[in-house]
Amino acid sequence: MFTKRSALAIAISSLLAATVSLSASAKTTLKLSHNNDKTHPVHISMQNMADEVKKLTNGEVVIRIYPNSQLGNQRESMELIQAGSLDMAKSNASELEAFEPVYGAFNVPYLFKDSEHYYKVLKDPEIGGKILESTKGKGFIGLTYYDAGSRSFYASKPIKTPADLKGLKVRVQPSPSALEMVKLMGASPTPLAFGELYTALQQGVVDAAENNPTALTLMRHGEVSKFFSEDEHTIIPDVLLISEKSWAKLTPEQQTTVKQAADNSMMSHKELWSKMTAEEVKKAKETLSVEFVKVDKQPFVDAVKPMHDKALADTVIGPFVKKIDAAR
């Protein structure tokens, strides 16, 4: 668990504490921070959840969403949540691994067979459910997951094999698994905040990045990276979190309602994500001239096999990885 908080996180914490609720009629207002644009499918799904919570609680619980890292990036939001200074945040299993190692189970490359296998695991109370509950006592708990798509490499040149990654600086999330994966594939992993990535690609600070296709259009990365190589190395879920301090302020009935709305939004998001991703891929091809490159995945799978073997032997994530493998 991280105990040292950044200066910016402390400053944002003070700002949040001083903020007067804009909804005087609401008994409880929960502030939710995330790093995506308002047009992003995950933002839309969280807004649908917030609307359902407000309706089902007759306005007694209001979730106010702050997109575009207005309250800090994902790491800073996590620090604020742990301190109880922020109510809710959207993070992902990659960054959460540094706060709770069990989330590392989702970060093993080529773990999921397909979308059906992925959702089966997330909805399983003994796998996805147990992982969401794993941080009780550590300042926050997980509410639900959101599909964030398959992550692939994109750059100013095609990446068809691991050999094409050799010598490249690849932006990764600050996750031990992401660092190890990119090293095994032959590149130099470079942790960097998502909001800084466009400029880093433009200026050559990094040569490539890895994410789902929506980053090409919603974050305009397709303006500076014209090749999206579909190796689909990971399917890492976004995770909706709530501070334990904020959770304790809710009545048992309100907790049930928030959890129900969160789970409902996860399933409605499944269709939304698929539809919007297809639209963004079409847009990337037609308006940004991004070339989508089909690749033979097996060389990539072979390169990172040591990670799967290591994960199975790990005492923390091994039991979950075995269950995920068995659910295929």
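1. The open sheet has 6 strands in the order E7-E6-E8-E5-E9-E11, with mixed pairing; strands are DSSP runs of E, at least two residues long, numbered from the N terminus, and two of them pair if DSSP finds at least two bridges between them. Strand E7 (188-191) and strand E11 (291-294) are the edges, each pairing on one side only. From one strand to the next the twist averages 35 degrees.

2. This is a predicted model, in which local features need pLDDT of at least 70, side-chain atom pairs count only at pLDDT 80 or more, and totals for chains, interfaces and linings use all residues. Residues are numbered from 1 along each chain as its sequence is written, and side-chain values use heavy atoms, with hydrogens and water left out.

3. Strand E9 (residues 227-235) and E11 run parallel and are joined by 4 bridges. Glu230 stands opposite Lys294 in E11.

4. There are 6 aromatic pairs (ring centres of Phe, Tyr or Trp, the last by its six-membered ring, within 6.5 Å; planes under 30 degrees apart are stacked, over 60 edge-to-face, the rest tilted). The rings of Phe106 and Tyr145 have centres 5.5 Å apart and planes at 85 degrees, so this pair is edge-to-face. Phe106 is buried, with a relative accessible area of 1%, and Tyr145 is buried at 1% relative accessibility (buried is under 20%, exposed over 50%, partly exposed in between; 1.4 Å probe, protein chains only).

5. Phe106, Phe112, Tyr118, Tyr119 and Tyr145 form one aromatic cluster. Lys270 lies over the face of Tyr119, 4.6 Å from the ring centre (NZ of Lys or CZ of Arg within 6 Å of the centre and within 35 degrees of the ring normal).

Definitions and conventions
Axes fitted to C-alpha atoms, helices over the stretch in contact; angles between N-to-C directions.
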